[in-house]
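Dear colleague,

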Amino acid sequence: MFIDRCKIEVRSGKGGDGAIAFRHEKYVANGGPSGGNGGRGGSIIFRTDKTMNSLFNFRHSKAFIAQDGEKGDIKLRYGKNAPDVIVNVPVGTVVLDAETHELLFDLNKENMEVVVVKGGRGGRGNAAFKSDRNRVPRIAENGLPGINKKLILELKLIADVGLVGLPNAGKSTLLSLISEAKPEIADYPFTTITPNLGVVNHGNYQSFVVADLPGLIEDAHKGKGLGLEFLRHVERCRVIIHVVSMEDGANPVKAYQTINEELKKYDPRLVKRPTIIAASKMDEDGADEKRIKFIKAVKKKAIGISALTNEGLDELLNATILELSRAEEPKIKDYQNLKEKVYDARKEESLFTIVKEKPHQYRILGDKVLRTYSLINISTDEGMLRLITYLRKIGVDDELEKKGVSEGDTIYLGDFAFEYIK
């Protein structure tokens, strides 16, 4: 079964909490802090596997969850780091954020690895907070939480050449003639319901991969036929072979214009891709006259080919090799809406913002302040004092007063709530 799109969830592990402990050995005077650090949470890593050609393995596996890091322990013992989870994906997989549809990764090379969600850092134990001013620290850090994301995986096949054309134009037959691929061939529409790949070896040129892309009809870009499912596979092809049938009863000009229009509506850059027109079924009666009229109408060269006589196959492959030798590596459609975020060190990013959620209820927001809060273990008096001191230091009290907060109002910071007292 060929599956080229799926939705999954990934969740990295939480870092282990640091320990609060003190040495109590019989012969060690004034035993100091000995709480160890927590271990790192496991990350989710995607790795490309050239033996995979579909997202079939993801039809049941919808969630990938890494383990949490171990907590720190007494006697300066560190918690173990959790193992990373390796997820194999086919070469050509594109990873999108399911909520924003932002392009996150394009895994278009063999043995490529990316960290999709990173495991949380382990918290420091109280031994890390020992200083000349505080020789008996009763404070430790929590491990940072893991990251939870919903992702869309799309497979855009890695092929040098893509065969496009209306159903029954002769694409599958052409693929079977120029490669060892054995696609299903029949005289009814939509014989090909999944992309077929074939490796072509011709002359002294290094072999190249050809993809037979099915289901392109009028309004394919809207999802009619099978087009919307497989138009994405055209994006990676450096050269397009447009197969147009010259058989009796066909309208080659309309067929050519229909497919070009669908490619243009899906991605305007596709019609600018190097394209070779293959006039198929030249063994049919009247095919020569149709090809001549077609060339005059579209004002482009069309190489006549025949599966019955092998006419024109060498010419077609030679033209393909020439175009491949000078074709550039194409960019996929999703890049065009991707904007780079520029960070300016001269513009200090605000640590937090305060919003009023309900009457007498306010929430402190901001990645940096939430990250610091998640590190602080507030189960001890010293930890709570550290959080309060930090919030005052960054100006939370002053900002709350500007917002008109009254005594007794509830302030939220992550999952922590406290009452405001002037």
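Where in the protein is N37 found? Please keep in mind, as you look for it, that this is a predicted model. The answer is that N37 is found in the loop that runs between strand β1 (5-11) and strand β2 (44-49).

Is N37 buried or exposed? Its relative accessibility is 17%, and because buried means under 20% relative accessible area, N37 counts as buried. Two polar partners can be named for its side chain: it makes a polar contact with the side chain of Y78 at 3.3 Å, and it reaches the backbone nitrogen of G125 at 2.8 Å. If we leave aside the neighbours within four places in sequence, the residues in contact with N37 are G72, R77, Y78, G79, G123, R124, G125 and A128.

Next, please look at the loop between β3 (63-65) and β4 (85-90), where K75 is found. K75 has a positive phi of about 55 degrees, although K75 is not a glycine, and with a relative accessible area of 57% this residue is exposed. L76 is found in the loop between β3 and β4 as well, and its phi, near 60 degrees, is again a positive value in a residue other than glycine.

Of its 422 residues, 44% count as buried. Among the contacts between residues at least 6 apart in sequence, 71% join residues that are at least 24 apart.

Now to the helices. Two packed helices are described by the angle between their axes and by the distance between the axes. Which residues make the contact in each of the two pairs described below?

The pair to begin with is helix α1 (residues 171-178) and helix α5 (residues 313-326), which pack at an angle of about 85 degrees with their axes 12 Å apart. Angles of 65 to 115 degrees count as roughly perpendicular, and α1 and α5 are therefore roughly perpendicular to each other. The contact is made by L174, L177 and I178 of α1 together with L313, L316 and L317 of α5, and by class these residues divide into 6 nonpolar, no polar and no charged.

The other pair is helix α6 (residues 367-375) and helix α7 (residues 381-393), whose axes come within 11 Å and cross at roughly 165 degrees. Since angles over 145 degrees count as roughly antiparallel, α6 and α7 are therefore roughly antiparallel to each other, and α6 passes α7 in a right-handed crossing. On the side of α6 the contact is made by K368, V369, T372 and Y373, and on the side of α7 by L387, Y390 and L391. Sorted by class, this contact has 5 nonpolar, 1 polar and 1 charged residues.

Lastly, please find I292, whose place is in helix α4 (residues 287-298). At 47% relative accessibility, I292 counts as partly exposed. I292 and A302 are 10 residues apart in sequence, while in space they are 8.8 Å apart, taken from C-alpha to C-alpha.

With kind regards

Conventions. Residues numbered from 1 in each chain as written. Predicted model: local features only at pLDDT ≥ 70, side-chain atom pairs only at ≥ 80, totals over all residues. Heavy atoms only, no water. Axes fitted to C-alpha atoms, helices over the stretch in contact; angles between N-to-C directions. Helix = DSSP H or I, 4+ residues; strand = E, 2+ residues; numbered from the N terminus. Parallel < 35°, antiparallel > 145°, perpendicular 65-115°, else oblique. Left-handed = near helix turned anticlockwise from the far one by under 90°. Contact = heavy atoms within 4.5 Å. Nonpolar A, V, L, I, M, F, W, Y, C, P; charged D, E, K, R; others polar. Buried < 20%, exposed > 50% of the residue type's maximum accessible area, 1.4 Å probe, protein only. Polar contact = N/O pair within 3.5 Å; in protein donor to acceptor, adjacent residues only side chain to side chain.
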